[in-house]
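Here is a short briefing on one protein chain for a reader who has not seen it before. The points are grouped by topic.

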Amino acid sequence: MKGFGQMDAIAGLLFLGAIILLIMTIIGAIKKNGKAKKRFLAAVICFVLAVIAIQFTDSGKEARKKVEEEQIKKEKSEQVEKEAEAKKTNTEEKENKIEKENKEVASYKIVQERLDSAGIWYVTISTPATKEDELTGLVNQFKELAKNKKEKISSVFVNIQKENGSSALIGKGKIALDNKGVAQTGGEKIGSVNFEYLPENIEDKAPIEESKSKYTANDVLQAFQDANLAVPENRDNTSKQCSDLGCSQLITTEAVSIYQWPTEKKAKEIQNQDFGDYQKGTFIIRFNDKSVEQEPYKRILDEFKNGETETKDKKEAKEEKLEEDKHQEASINVEDVKQDIEYSGLSANDKLVGVTFKNGEIKGTIELAENKLIEPKDQAVTGYSQLSDSLLKKEDWDTLTIEYVNVGTISMKRSEKETNEMGDYFPSIEIEKKLTAN
């Protein structure tokens, strides 16, 4: 490139010299000093050399341009190669990352799944994994799976069960995939994952052994009630505590708890461990309210031991009454229902005003938070759908009535449910029909 620049300078000087010599030739011709002819010849030679130099310069420019173009082409080619290599590296890194993540995700099996009309994908899976980070990874796995589905999915609700265990959940997750999903899950933003770890359900509970007595703790409870003894807020805690304690049945009240054991021998062994306040037959009672008079309760329990408690007709009448009032016996279920509503039936900033469970009917009042993305009516239908899906997995209720403040009330009977491979559910279209204005 430097040679071409020098050639330009020489051509310029030669051209300038030719002009000067030509001027001097003209002057010499005028003065007639005899030098005009020589100067003219020199001017012609300079001019010819300048023309030749200019030709070389033009050729040089073309050569220079060609070299520059080749250089640019080479640089572009190198840049393309670098970008292709970088892209290849990024792709390999992503593939390695995905492969690593897939290896790290615990194995699982889909037990049930259902996609409703609101774009909510309900999935129940079983897995041998039990650690919190493993279960969280499983929930995150469904975030990617949902994105790859051909159907439009706004949110995912994942229930996790222990493999070869009970149906009790060891983890629950909610994923918001769009703005509608944020409202459905109560998440903070699109892509947010809400995971709840339930370690208390991981250990398999021992089976509850039935008592060999002809009476039950319910019979003792009824006898206390017939004698007008205080048994407020009575509830059946058998499933929650007897697996750990080894009892056959447990009825708890604010005044007294009634424990029944498989055999009288077992009951005596437990009593000898300073458990409870009084034992007769297969029963032990423990007084939760130390201010109540204990002797009347003990006398009633003595009658069960002696078999003098009731006639056959009286027992049958009591059993009928117990069957009628079975939903009232377990006021603990109110707390269970409350937890279901708070987890499945509420979105972000919604408020549970109150809940009751009486005579087989669950009644709740919910104040919906303002949502610019979803109409209040749609909020109510979606919330009721999610809540009922959860509650239909549980027994001992007949009607679910939810009042949405300033929107309307939805009430459906359990008998109106439909069933598919995912289990029982209320169709969204039927829920919409049941929404009545307040």
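The chain has a mean pLDDT of 78, and 72% of its residues reach 70 or more; pLDDT is the predictor's confidence in each residue, from 0 to 100. This is a predicted model, in which local features need pLDDT of at least 70 and side-chain atom pairs count only at pLDDT 80 or more, while totals for chains, interfaces and linings use all residues. Residues are numbered from 1 along each chain as its sequence is written, and side-chain values use heavy atoms, with hydrogens and water left out.

**Confidence along the chain**

- The pLDDT is below 50 over residues 98-103, a stretch that has 1 contact in the model beyond near neighbours in sequence; contact means heavy atoms within 4.5 Å.
- Residues 324-332 also have a pLDDT below 50, and this stretch has 24 contacts in the model beyond near neighbours in sequence.

**Overall make-up**

- The secondary structure comes to 13 helices and 16 strands; helices (H or I, at least four residues) and strands (E, at least two) are DSSP runs, numbered from the N terminus.
- Of the 438 residues of the chain, 39% count as buried, where buried means under 20% relative accessible area, exposed over 50% and partly exposed in between, with a 1.4 Å probe and protein chains only.
- Of the contacts between residues at least 6 apart in sequence, 57% join residues at least 24 apart.

- Five strands form an open sheet in the order 1-2-3-4-5, with mixed pairing; two strands pair if DSSP finds at least two bridges between them.
- Strand 1 (109-115) and strand 5 (193-197) are the edge strands, and each has a single partner strand, so one side of each is left without a neighbour in the sheet.
- From one strand to the next the twist averages 15°; axes are lines fitted to C-alpha atoms, for helices over the stretch in contact, and angles run from 0 to 180 degrees between N-to-C directions.
- Strand 1 pairs with strand 2 (residues 120-127) in the antiparallel sense over 6 bridges, and Gln112 stands opposite Thr124 in strand 2.
- Helix 3 (residues 132-147) packs on this sheet and touches strand 1, strand 2, strand 3 (155-162), strand 4 (169-176) and strand 5. The direction of helix 3 makes about 150° with that of strand 5.

- Four strands form an open sheet in the order 11-12-13-14, with mixed pairing.
- The edges are strand 11 (351-358) and strand 14 (408-413), each with a single partner strand, so one side of each is left without a neighbour in the sheet.
- The twist in this sheet averages 10° from one strand to the next.
- Strand 11 and strand 12 are antiparallel and pair over 7 bridges; Val355 has Gly364 in strand 12 as its bridge partner.
- These two strands, strand 11 and strand 12, form a hairpin with 2 residues between them, and Asn359 in the turn has a positive phi of about 55°.
- Strand 12 (residues 361-367) and strand 13 (residues 399-404) run parallel and are joined by 6 bridges, with Thr365 opposite Glu403 in strand 13.

- Helix 12 (residues 376-391) lies across strand 1, strand 2 and strand 3, at about 20° to strand 2.
- Helix 12 also lies across strand 12, strand 13 and strand 14, running at about 150° to strand 13.
- Ile374 lies in the loop between strand 12 and helix 12 and is buried, with a relative accessible area of 12%.
- Leaving aside neighbours within four places in sequence, Ile374 is in contact with Lys180, Ala183 and Gln379.
- Ile374 and Gln184 are 190 residues apart in sequence, and their C-alpha atoms are 9.6 Å apart in space.

**Disulfide**

- A search of the whole structure finds 1 disulfide, counted as a pair of cysteine sulfur atoms within 2.5 Å.
- The disulfide joins Cys242 to Cys247, with an S to S distance of 2.1 Å.
- The torsion about the S-S bond of Cys242 and Cys247 is about -100°, so the disulfide is left-handed.
- Both Cys242 and Cys247 are buried.

**Aromatic residues**

- A search of the whole structure finds 9 aromatic pairs; rings of Phe, Tyr and Trp (its six-membered ring) pair if their centres lie within 6.5 Å, and planes under 30 degrees apart count as stacked, over 60 as edge-to-face and the rest as tilted.
- Tyr259 and Trp261 form a stacked pair, 6.3 Å centre to centre with 10° between the planes, and both Tyr259 and Trp261 are buried.
- Tyr108, Trp121 and Phe142 form one aromatic cluster.
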